[in-house]
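Let's take a walk through this one, helix by helix. Have the sequence and the 3D view open as you read.

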Amino acid sequence: MDHLSRRKLLSLGAALGLAGVANPVPAWASTGAAAGTAATTGPEWIWDDLADPLMARMLTGGHVPAINTAWASWVDNNDPLPSGLPAEFSAYLGRVNRLPSWADPAKLARAADFNRRRDTYLFMLYGLGSGIMSTVIPREAKSVYWSAGGADMQDRAAKTFTFGYDLSELKAFEPTGQFVVTANKTRVVHAAVRHLLPQSPHWRAVADETVPISAADILVTFHSLGTFVYRKLLDWRIPFPAADQEAFLHSWQVAIHLLGVPDEHIPQTWAEAERQAARVLTPILTPSTEGIALAEELLGLTAQVDLGVTRGFLNEFVRYVLSDEVGDWLGLRRDYAAAALVRTAWPAFILFREGLSPIMPGTFYMFDQFVRALAMLFLNKGGSGKTTPITIPTGNRAG
């Protein structure tokens, strides 16, 4: 797979994953001594003390259109901060636009190489696994649906591509990469949504929180991304050396930090992450009106790709990676012929790709071309091979 295709492919995972992130080790999900910590210290009571008040002032002051214009050319990590920004906003970016002191360049480089080597699996898991799982995480589904981006899911997918797109690059965290800038733009967008979404009567009518995207919400979303993918790669018996596992986690740890999650809530091991996911992700999965609509929109977008891949195939792959229960919640129609294909051809595809079988399955090119074409569809609606702009919203979805 060529470099450009790989970038586009990995972007789609983040796009369908709806820009999720992190996972913690906090009191809110712990057992033992930490469990007795006061509730107000947990990440469900943490938002972003730096970015949130700043973006409230930028929005109420009418500065966002100028910021969106000014930072359009701010792309690479070594780009100077753009001119034309409000002084207060520029000062904020100057403060946060850097890697944490504990970031390990060797691990980040290995994680990028791991992403390159495992691109197809990551795409399918992020895209048709994590992405659809996000629609049965009620808080996430409702926030996505009623925010401005929820009204145009293809556009939203194209824009949120950028997070995974840049994270997966070989030099993502280096000066010529783009991920540090991407993460800081995403953090600002989260802060804007925290200010805007509580003004939506539609969101308030269905939400069980007063302010969206708490650190806990971000951490839960990470489990639907990183922790889910980690476990599936092991379950599928794809070679996953300990050094790759550690590097993959480290890249997420740095990403979480850049999004404003306090370091004390970032998991230190995958075992820690899996224990927490069992407590804070699995029990909350359930359908919602908004989530069902989002899942249908996301899966329906693939109708624009005509490679002989049917909607039944997509429905059954979702069931394969998530469960029939989730498929039933979302009303995904059964296609038993496609189910048999997925359950036999996908394991054979993995064996051949990993050199564990000399027999190339007849479906090999179908899977390979499907991944490429769907990625092209989402990356800026097929119109860009470089960067998908991230813009700050100024409103919510209309009723």
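## A covered helix

Which are the buried residues of H7? They are Pro138, Glu140, Ala141, Lys142, Ser143, Val144, Tyr145 and Trp146, where buried means under 20% relative accessible area, exposed means over 50% and partly exposed is in between, using a 1.4 Å probe and protein chains only. That makes H7, residues 138–146, a mostly covered helix, with eight of its nine residues buried.

Before going further, some housekeeping: this is a predicted model, in which local features need pLDDT of at least 70 and side-chain atom pairs count only at pLDDT 80 or more, while totals for chains, interfaces and linings use all residues. Residues are numbered from 1 along each chain as its sequence is written, and side-chain values use heavy atoms, with hydrogens and water left out.

## The chain as a whole

The chain has 18 helices and zero strands; these are DSSP runs numbered from the N terminus, with helices being H or I of at least four residues and strands E of at least two. Of its 399 residues, 58% count as buried. Take the contacts (heavy atoms within 4.5 Å) with a separation of 6 or more: residues 24 or more positions apart account for 78% of them.

## H13 and its buried side

H13 covers residues 270–280, and its buried residues are Trp270, Glu272, Ala273, Gln276, Ala277 and Val280. They sit on the same side of H13 because they cover an arc of only 150° around the axis, the arc being that of the directions from the helix axis to the C-beta atoms.

Glu272, part of H13, is buried at a relative accessible area of 18%. From Glu272 to Thr227 it's 45 residues in sequence and 10.0 Å in space, C-alpha to C-alpha.

H5 (residues 105–117) and H12 have axes that come within 8 Å and cross at roughly 110°. Axes here are lines fitted to C-alpha atoms, for helices over the stretch in contact, and angles run from 0 to 180 degrees between N-to-C directions. H5 and H12 are therefore roughly perpendicular (65 to 115 degrees; under 35 is roughly parallel, over 145 roughly antiparallel and the rest oblique). By class, their contact has seven nonpolar, three polar and five charged residues, counting Ala, Val, Leu, Ile, Met, Phe, Trp, Tyr, Cys and Pro as nonpolar, Asp, Glu, Lys and Arg as charged, and the others, Gly among them, as polar.

Now for H15 (residues 311–321) and H17 (residues 336–353): their axes come within 8 Å and cross at roughly 60°, so the two are oblique to each other. On the H15 side, Gly312, Phe313, Glu316, Phe317, Arg319 and Tyr320 meet Ala338, Ala339, Leu341, Val342, Arg343, Trp346 and Pro347 in H17. By class, that contact has nine nonpolar, one polar and three charged residues.

## Two positive phi values

Most residues other than glycine have a negative phi. Arg237, in the loop between H11 and H12, has a positive phi of about 60° although it is not a glycine. Arg237 is exposed, with a relative accessible area of 73%.

Ser323 is in the loop between H15 and helix H16 (324–329). Its phi is positive too, near 150°, and at 23% relative accessibility Ser323 counts as partly exposed.
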